[in-house]
Amino acid sequence: MKIIWGIFKRDMCHATRNVIAVIVSMGLVVVPALYAWFNIAASWDPYGNTKALKVAVANNDKGYKSDLIPVRVNVGETIISTLHANDQLDWQFVKSDKAIDGVKSGEYYAAIVIPKGFSADMMTLFSPDIKHAQLKYYLNEKINPIAPHITDQGATTVVNTIDKTFAKTIAQVGLDLASSILHYSQSPQMAEYMRNLNGNLTTMADTLSGASQQVTSYSQLLGSANDIVDSTGKLLASATKAGKQAQNALKQGKSGATSFTSAGANVTSSVNTALDQVSGAFDQVAAKVNKAFDAIGKDSDTAASQLTTLSEQVSSSESLYDTYITSLNHMHESVEQLPDSDSAKQALLEAIDREITLLEAAKDDSQKLAQQLKDASTQVTQDTAAAERSRKEILNRITSAKQSISNVRDDYATNVKPKIDALASTVSTLISQTDSMITQLSGTADDLDDVTGDVGTNVTAIRSTLGAIAKKLDSSAATVKELITKLETGGNAGDGNSDGGDGDNDASSSDSGESDELRALATANASTLSTLISAPVALHRVSVYPIANYGSAMAPFYTILSIWVGAIILCAMLKVTISDREKAHVLGLGDTLPRVAGPSGPGNASRWGLRLDHEYFGRYAIFALLALLQGTLVCLGDMYFLGVQANHALQFLAVGWLAALVFSNIVYTLTVSFGDIGKAVAVVLLVMQVAGSGGTFPIETLPKFFQMLYPFLPFPHAIDAMHAAMAGSYGNEYLLDMVYLALFLIPSLLLGLVLRKPVIRLNNWVSRNLESTKVM
């Protein structure tokens with residue numbers, strides 16, 4: 001022990017000899033702690049800091065509405081409203097094109113697109129053709145290995161929200177409808193409606209009974225139908241004969257209608273010709289009047305003679321007006337002979353009367369013109385100034401008379417002629433239709449003559465059918481009366497009346513119980529009931545050995561990992577072998593060992609009392625001290641700097657101390673026994689334990705190789721012991737894990753003290769060959 005203490009004391013002197021050595025020693029203690037702290041801090045609450053993860057949401061849902069669901073349902077809008085209040089992720093509400101492009105470009109980690117028919121597909125639940133509503137979920141998996149899992153959780157949250165919202169909406173609509181029906185059933189309006197319904201049903205029952213009696217009467221009436229059929233045959237024969245006579249009369253009427261149409265056309269042509277002649281004659285009269293008045297002063301007698309002649313010509317045209325007026329009067333008398341039911345009669349009469357009035361006005365203008373011409377013929381020889389005034393009056397009168405003629409012609413063309421033509425066309429069409437009808441009547445009579453023979457045979461079958469109908473009507477009337485009785489009974493039960501007998505009271509009690517249950521359901525809070533229906537099972541979490549946060553849960557893994565890394569750093573920075581000079585100083589032999597010691601190496605000073613185990617423990621002492629400092633610093637920093645949960649702080653520190661001793665001893669032994677190869681083996685063990693220790697993923701989820709290797713690695717036991725110190729231990733769990741961890745010292749010490757001796761020469765040979773490469 002004295003020799004081991006001497007080696008340790010000299011090592012401590014060398015490690016604290018100068019500032020650089022102290023700084024390096026402190027760095028060896030601090031670096032592993034920094035490694036653990038950075039990883040624990042980074043993992044402190046990763047799932048609570050997902051608010052910065054951008055996930056796009058695009059809503060193309062058009063909504064749904066039907067007679068079954070009387071309200072408009074748009075699940076897409078509900079999702080958007082819910083996500084606006086959700087801060088689990090950084091939801092970006094954009095168009096579908098931008099959402100998909102954003103996922104491709106990396107702007108968004110994922111995108112959820114709600115299709116157009118999403119609500120309609122969900123509502124197919126109430127139709128035979130059920131469709132599974134789908135959301136389109138776009139995910140960029142190359143950005144980050146963990147982000148897809150976080151966004152998957154967000155997408156799952158959306159789906160769960162949709163399911164609950166849909167179920168809640170349907171349930172709430174149904175409950176609201178039931179509640180509305182119940183409330184309405186208890187309202188005065190419903191009572192009035194029931195009274196009206198009973199009255200209408202009573203009327204219906206009476207009507208059905210009456211209809212049954214009427215059908216029975218029809219059946220009896222058919223018993224005397226044979227005589228009527230015979231009479232009908234005779235009547236049809238008479239109708240056929242009368243029809244033939246009517247056809248002859250219609251032929252004459254049709255000829256008359258044709259003549260009437262031709263006459264109307266001739267009258268129209270004559271009227272137009274005559275009126276055109278009169279209008280032209282007035283133009284000639286005007287020219288002659290101007291010529292006669294121009295001759296005044298030159299030859300007044302000639303002018304007077306011309307005016308007298310013009311007066312006689314105008315007077316002679318009055319007979320034309322009389323003839324035309326007489327023709328219109330005759331037409332008026334003919335039209336009056338038409339039936340009053342003819343719609344064209346009155347309009348044509350009014351048009352003819354208006355035409356006669358216009359002709360009489362034109363005739364009056366002609367008479368006045370003739371008188372003015374006659375008066376002017378006597379004035380031209382007496383007073384020239386008066387003659388000029390007469391000239392203007394005569395020309396104005398000619399213009400007025402000509403306008404009267406134009407009015408007559410226009411009114412005839414606009415009002416009289418179209419109505420005459422329409423009347424002629426109507427008469428012709430009526431005659432043609434009547435002729436066709438009589439022809440059909442003749443054919444029908446022939447057919448009915450054959451049918452009447454079969455009517456007698458069918459009467460018996462018809463009477464049998466009517467008898468069955470009468471029975472059905474009686475049965476329907478009885479059913480309606482029974483319904484009225486049930487409605488009255490149900491109404492009394494609903495009112496809570498108990499005036500009936502015992503049986504009625506029992507039925508009323510049963511109906512009242514059902515009504516009370518329905519009333520209790522309908523009057524309950526619809527929102528609460530719909531929420532219960534949408535999520536009938538609520539998950540109540542009961543934490544066993546609760547961990548405060550994700551950082552605390554990951555602290556054991558990163559703490560144990562940093563202690564192993566610290567052990568590797570110590571072996572990389574410090575020498576694991578003792579030089580001959582140090583051995584000589586420890587033994588008190590001066591600065592060098594005697595020549596007989598042989599080549600430098602482990603065990604070469606054993607003849608002077610410095611055995612191999614002294615070298616092993618003497619040099620390991622400083623490794624153990626620095627490893628304990630590393631474990632102490634990282635555990636204290638976890639608890640008091642980062643705030644990692646530790647229900648049992650001393651146990652937490654004890655795990656760190658034991659892990660530091662075990663890990664440093666294992667790495668030190670590997671390095672002492674195999675040199676640089678031992679360091680490589682320590683790194684390989686580190687990699688294996690990172691993957692197969694169960695510190696991140698449950699060991700059951702790892703490949704079979706790691707599950708088999710799991711119990712033979714120190715990491716799992718150290719991590720489990722630290723978990724027990726943090727959250728509590730089940731039975732002797734903590735002590736057992738500490739014992740299992742300490743047991744790894746046995747193979748390590750066995751290798752360093754016993755199995756190391758046979759490989760010393762091999763290790764020295766490997767070291768010499770590596771150094772000979774000048775590279776390794």
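A salt bridge here is a side-chain nitrogen of Lys or Arg within 4 Å of a carboxyl oxygen of Asp or Glu. The model is predicted: local features need pLDDT of at least 70, side-chain atom pairs count only at pLDDT 80 or more, and totals for chains, interfaces and linings use all residues. Residues are numbered from 1 along each chain as its sequence is written, and side-chain values use heavy atoms, with hydrogens and water left out.

**Whole chain.** Show the cartoon. There are 23 helices and four strands (DSSP runs numbered from the N terminus: helices are H or I, at least four residues; strands are E, at least two). Of the 776 residues, 35% are buried (buried is under 20% relative accessible area, exposed is over 50%, partly exposed is in between; 1.4 Å probe, protein chains only).

**Salt bridges.** The structure holds two. Select aspartate 676 and lysine 679. Their side chains meet in a salt bridge at 3.6 Å, N to O. Both residues sit in helix α19 (residues 676-692), three residues apart, about one turn of the helix. Aspartate 676 counts as exposed because its relative accessibility is 52%. Lysine 679, at 27%, is partly exposed.

Go next to arginine 611 and aspartate 613. This salt bridge spans 3.2 Å, N to O. Arginine 611 is partly exposed at 43%. Aspartate 613 is also partly exposed, at 25%.

**Buried serine.** Select serine 552, in helix α15 (residues 550-573). Its relative accessible area is 0%, so serine 552 is buried. What does serine 552 contact, leaving aside its neighbours within four places in sequence? Display Trp44, Ile547, Gly643, Val644, Gln645 and Met726 (contact means heavy atoms within 4.5 Å).

**Negative patch.** Switch to the surface. Select Glu333, Glu336, Glu350 and Asp353, which gather in a patch of negative charge. Helices α10 (318-336) and α11 (343-379) each give two or more residues to this patch. Patch residues have over 30% relative accessible area and no salt bridge; like charges are joined within 9 Å, and nonpolar side chains (Val, Leu, Ile, Met, Phe, Trp, Tyr) within 5 Å. Glutamate 336 lies in helix α10. At 40% relative accessibility, glutamate 336 is partly exposed.

**Nonpolar patch.** Finish at Val19, Ile20, Ile23, Val24 and Met573, which make a nonpolar surface patch of about 490 Å² (areas by the Shrake-Rupley method with a 1.4 Å probe; for residues, only the protein chains shown count as cover). Helix α2 (residues 19-42) gives the most, with four residues. Valine 24 is found in helix α2. Its relative accessible area is 35%, so valine 24 is partly exposed.

Note on methods: Lys and Arg count as positive and Asp and Glu as negative; His and the chain ends are not counted. The place of a charge is taken as NZ of Lys, CZ of Arg, CG of Asp or CD of Glu.
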